[in-house]
Amino acid sequence: MNNRNVIPILGIYFLLLIIGCKKNLLDISGKETYIDLETSNIPDFSYAGYMMSERPLPVLEDIFTVTVSPDNLSDHTTLLQSKIDELSKRPILDGFRGVLLLKKGKYFVSQPININSSGVVIKGEIDSYGQIPIIHFNKVMNWRNIKEAQDWSIIKIKGLNISDNKIGLPFSIIQDIDQAGSTHISIDKSHSFVKGDSIMIVKTPNDNWITTLNTSQYGWISSEYHVESKRVIKDLKENLITLNIPLYDKIKNNYGGGYVIKYNSSNYIFNCGVENIHFISSYLEGNNEDETHIWSSIILENATNCWVKKVKTENLAFSLVSLINSSFCTIQDCSAINFKSKPIGDRRYPYYIGQFSYGNLIQRCFASSGRHDFSTGARLTGPNVFLDCLSENSLADSGPHHRWAVGTLYDNISSNKIYARNSGEFGSGHGWTGAFNLFWNNRASFGFLIQNPPDAMNWLIGSQGRLLENSIPYTISHGRNVSPRSLFIYQLSKRLGENKVKTIFTDVQLLPENEIWTRINYLR
């Protein structure tokens with residue numbers, strides 16, 4: 001792959017702002033500008049996905065398997081949960097306990113199916129016609145409130161609740177981190193860290209930060225933005241820590257600074273997956289705004305290195321998958337259609353990366369009639385990646401949804417609206433939805449509304465679609481795609497080598513041509 005990648009020129013002034021270029025970064029020739037991504041200040045987002053995308057999703061052909069069939073039962077809840085519980089008692093061998101294989105047919109459930117042990121996978125059999133089993137949630141639900149509805153799902157993969165897993169004493173960060181993408185931290189010399197420690201880098205904003213963002217008017221309180229980035233110490237020289245994954249936000253002393261502390265990383269559930277299942281919810285026939293049914297198909301909570309693959313959902317109100325305090329998970333080749341709910345707030349988030357989640361990859365996924373199709377929640381630290389995704393008939397916008405989500409790469413996303421902005425009092429006082437988010441070769445049929453918070457930025461590169469009024473991003477090549485086609489695939493190739501990434505992506509994704517959405521055979 002050529003290290004010098006072509007981006008058609010839009011304006012050198014804005015280019016300098018976007019890239020934060022260094023000496024010899026630019027070489028202008030004729031009508032083209034060449035950007036050396038190897039020396040630019042664009043952060044490396046390549047650490048997202050199952051096992052940081054360093055290996056493909058497990059195939060599990062030789063793993064212990066329990067097989068079930070529908071057998072004309074009227075309710076399969078007890079059957080499925082008992083088999084999951086049976087697998088959960090098995091010892092872990094090579095990271096897995098076993099697979100629950102669903103034979104073709106329809107399974108009716110009236111309660112969530114819970115996976116609370118690592119190494120358990122539920123998988124549907126694909127028949128000779130390409131059909132997958134159906135799990136149909138057929139109980140009427142009378143929700144007390146929206147939060148309760150969002151907490152329920154047909155399958156919940158959940159590790160232990162972790163109230164406070166910090167260990168030992170905190171050590172202050174003594175030098176400003178003034179650039180997104182940094183992998184180095186200087187701390188007090190009295191620290192007791194060693195190479196390999198799991199640590200939290202905690203940003204502790206003060207009122208000066210809130211004042212600079214002008215968000216106190218929306219109810220923002222500085223203590224509610226003490227956000228934790230979880231990392232591993234890759235190297236350590238005296239008081240200089242080298243991280244295994246970059247940071248995607250600034251930490252500056254005049255805005256409150258931050259500290260570093262050890263944490264216990266052993267309580268997360270891992271190596272769990274859901275594959276090849278069509279989830280359907282009953283709803284009140286004739287009422288497309290009915291909400292007395294299950295809202296989500298899958299929730300991953302306190303989970304790491306898990307996956308959802310080739311899942312289809314219909315008649316839900318909230319999401320195909322929600323990630324809560326979960327990391328390094330891959331969601332791929334999924335389809336969320338025919339939502340049944342009111343088309344208003346807190347509903348129809350097909351692919352939702354929620355609070356405290358990082359390192360997640362959502363790729364080759366489709367949504368129809370959603371609202372915030374590819375979106376993130378509040379106070380995310382990154383990296384998270386949406387890659388080669390498509391939505392149709394969307395009722396709202398994709399992008400960071402509220403309250404300072406940083407470090408998400410939206411790479412070749414096609415949707416109606418793509419926003420990263422100051423939402424002001426919108427919702428419950430969403431304010432600045434996010435910073436240091438990068439939009440690469442996206443298409444927005446209605447348009448883009450991308451803005452930059454004070455002392456921060458959101459990049460818009462290679463965009464197709466109009467810039468809406470009040471959209472003031474750092475923009476390059478608006479109206480024309482850029483090369484490489486995918487920034488995530490390019491960065492992962494540079495980190496791991498081109499041969500390794502071939503196992504993560506399809507042949508179509510590895511082609512250099514743009515307009516990927518006409519080439520992927522999305523599950524619909």
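Before colouring anything by class, note the scheme: Ala, Val, Leu, Ile, Met, Phe, Trp, Tyr, Cys and Pro count as nonpolar, Asp, Glu, Lys and Arg as charged, and the others, Gly among them, as polar. Keep in mind, too, that this is a predicted model.

**Stop one: the largest cavity.** The structure holds 4 cavities of 30 Å³ or more, and the largest has a volume of about 150 Å³. Select Lys203, Val227, Ser229, Asp249 and Thr381: of the 15 lining residues, these are the closest to its centre. Now show β13 (198-203) and β14 (227-237), each of which supplies at least two residues of this lining. Colour the lining by class and you get 11 nonpolar, 2 polar and 2 charged residues.

**Stop two: the second largest cavity.** Here you'll find about 90 Å³ of space. Pick Trp209, Tyr255, Trp404, Pro454 and Asp455, the closest to the centre among 13 lining residues. Which helix gives the most to this lining? That's α4 (residues 207-213), with 3 residues. By class, the lining splits into 7 nonpolar, 1 polar and 5 charged.

**Stop three: the largest pocket.** About 620 Å³ of space lies in this one. Select Gln150, Phe318, Asp346, Tyr352 and His402, which lie nearest its centre out of 25 lining residues.

Conventions. Residues numbered from 1 in each chain as written. Predicted model: local features only at pLDDT ≥ 70, side-chain atom pairs only at ≥ 80, totals over all residues. Heavy atoms only, no water. 1 Å grid on protein atoms, 1.4 Å probe; cavity = no way out; pocket = protein on both sides within 12 Å on 5 of 7 lines; lining within 4 Å. Points joined across faces, edges and corners; volume = space filled by probe spheres on them. Helix = DSSP H or I, 4+ residues; strand = E, 2+ residues; numbered from the N terminus.
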